Amino acid sequence: LFSGRVEFLLSAPQLKFLPDPTVPEIAFCGRSNVGKSSLLNALTGRKAIARASVTPGRTQELNFFEVGEPTLFRLVDMPGYGFAKAPVKVVERWKNLVKSYLRGRQVLARNLVLVDSRHGLKEVDREMMRMLDEAAVGYRIVLTKADKIKASDLERVANSVADEARKHPAAFPELHLTSAEKGMGIAALRAAVVADALG
Ligand code: GTP
Ligand code: MG
């Protein structure tokens, strides 16, 4: 599927610019710089369909990508949260945009909540998870940048995140350990995403 058509559709800076809710959507959320855009690129096998960057706060709108011909589902690259350096007003605007999308989007089939393998869950991640629990939107927790830490540390972080995930009703109990850089865990996550979107 991902080897077929994957195409950028549009970038929505405000809710009124969202595309018509005609197909299921899978959204990528997580802290700024956690690797959302990179993971989207890895899953689609495109080098730079979503813009990744060393500068946190790169993605500032909801970016929609269509998969399949005709379109079967969409991937949504979200602005990151918890970006301290952004002006308060900008942060508030992103937060409201992301929250209203996550709460109100009828076609939202699944969320991927990305968490940096090196850092584990932060308070902003817990806040996002609680919000998704309340909105009753199921989410998969994806540990990113697994290539950046030792296997023993990865296991420790994964266990602690999994322990916490079990307390969140909308979280899937099993985690996805990934590296967009090395391709680790990408095929399995791709299969899960397709099943979530089409299942
Ligand atoms: P915002 O759009 O700013 O919220 O960031 P983002 O979550 O989209 O992160 P992005 O994909 O832009 O990646 C941020 C940085 O992390 C970039 O320098 C990436 O190259 C790097 N990165 C992303 N994934 C991986 C990974 O699996 N391994 C390594 N080593 N670096 C990664
Ligand atoms: Mg991004």
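The model is predicted.

## Overall form

The protein chain contains five helices and seven strands. Along the sequence they follow the pattern β-β-α-β-β-α-β-α-β-α-β-α. Along the principal axes, the C-alpha atoms occupy a box of roughly 45 × 40 × 35 Å. A compact globule of 199 residues would have a radius of gyration near 16 Å, and the value for the protein chain, 15 Å, agrees with this. Buried residues make up 36% of the 199 in the protein chain. Among contacts in the protein chain with a separation of 6 or more, 73% are between residues 24 or more positions apart.

## The sheet

The seven strands form an open sheet in the order E1-E3-E4-E2-E5-E6-E7, and the pairing is mixed. Strand E1 (6-12) and strand E7 (176-177) are at the edges; each has a single partner strand, so one side of each has no neighbour in the sheet. Strands of a sheet pair through backbone hydrogen bonds, in either a parallel or an antiparallel sense.

| Strand pair | Sense | Bridges |
|---|---|---|
| E1 and E3 | antiparallel | six bridges |
| E3 and E4 | antiparallel | five bridges |
| E2 and E4 | parallel | four bridges |
| E5 and E6 | parallel | six bridges |

Glutamate 7 has glutamate 66 in E3 as its bridge partner. Asparagine 63 is bridged to aspartate 77 in E4, and aspartate 77 is also the bridge partner of phenylalanine 28. For aspartate 116, the bridge partner is threonine 144 in E6.

Two strands can be picked out by their burial. Strand E3 (residues 62-67) has five of its six residues buried, so E3 is largely enclosed by the rest of the structure. In E6, six of the six residues are buried, so E6 too is largely enclosed. Tyr139, Ile141 and Leu143 point one way from E6, while Arg140, Val142 and Thr144 point the other way; all are buried.

## The E3-E4 hairpin

E3 and E4 form a hairpin with five residues between them. Glycine 68, in the turn, has a positive phi of about 100°. The loop between E3 and E4 also holds proline 70. The peptide bond that joins glutamate 69 and proline 70 is cis, with omega about 0°.

Helix H3 covers residues 123-135. At 1.5 Å a residue, its 13 residues should span 18 Å, and the end C-alpha atoms are 18 Å apart, which agrees. The buried residues of H3 are Asp125, Met128, Met129 and Leu132. These residues cover an arc of only 100° around the axis, which means that they are on the same side of H3. Glu123, Arg130 and Glu134, on the other side of H3, are exposed.

What do the buried residues of H3 pack against? Their partners are strand E2 (25-30), helix H2 (88-104), strand E5 (108-116) and strand E6 (139-144). H3 lies across E2, E5 and E6, and runs at about 165° to E5.

Alanine 136 and lysine 145 can be considered together. Lysine 145 lies in the loop between E6 and helix H4 (151-165). The phi of lysine 145 is likewise near 55° and positive, again in a residue other than glycine.

Lysine 145 is buried, because 24 other C-beta atoms lie within 10 Å. The cut-offs behind these labels are 12 or fewer such atoms for an exposed residue and 20 or more for a buried one.

Note on methods. Residues are numbered from 1 along each chain as its sequence is written. Chains are lettered from A and ligands numbered from 1 in the order in which they are written. This is a predicted model: local features need pLDDT of at least 70, side-chain atom pairs count only at pLDDT 80 or more; totals for chains, interfaces and linings use all residues. The expected span of a helix is 1.5 Å times one less than its number of residues. The arc is that of the directions from the helix axis to the C-beta atoms. Two residues are in contact if their C-beta atoms, placed from the backbone, lie within 7 Å. Two strands pair if DSSP finds at least two bridges between them. Axes are lines fitted to C-alpha atoms, for helices over the stretch in contact, and angles run from 0 to 180 degrees between N-to-C directions. The radius of gyration is taken over C-alpha atoms; the globule rule is 2.2 Å times the number of residues to the power 0.38.
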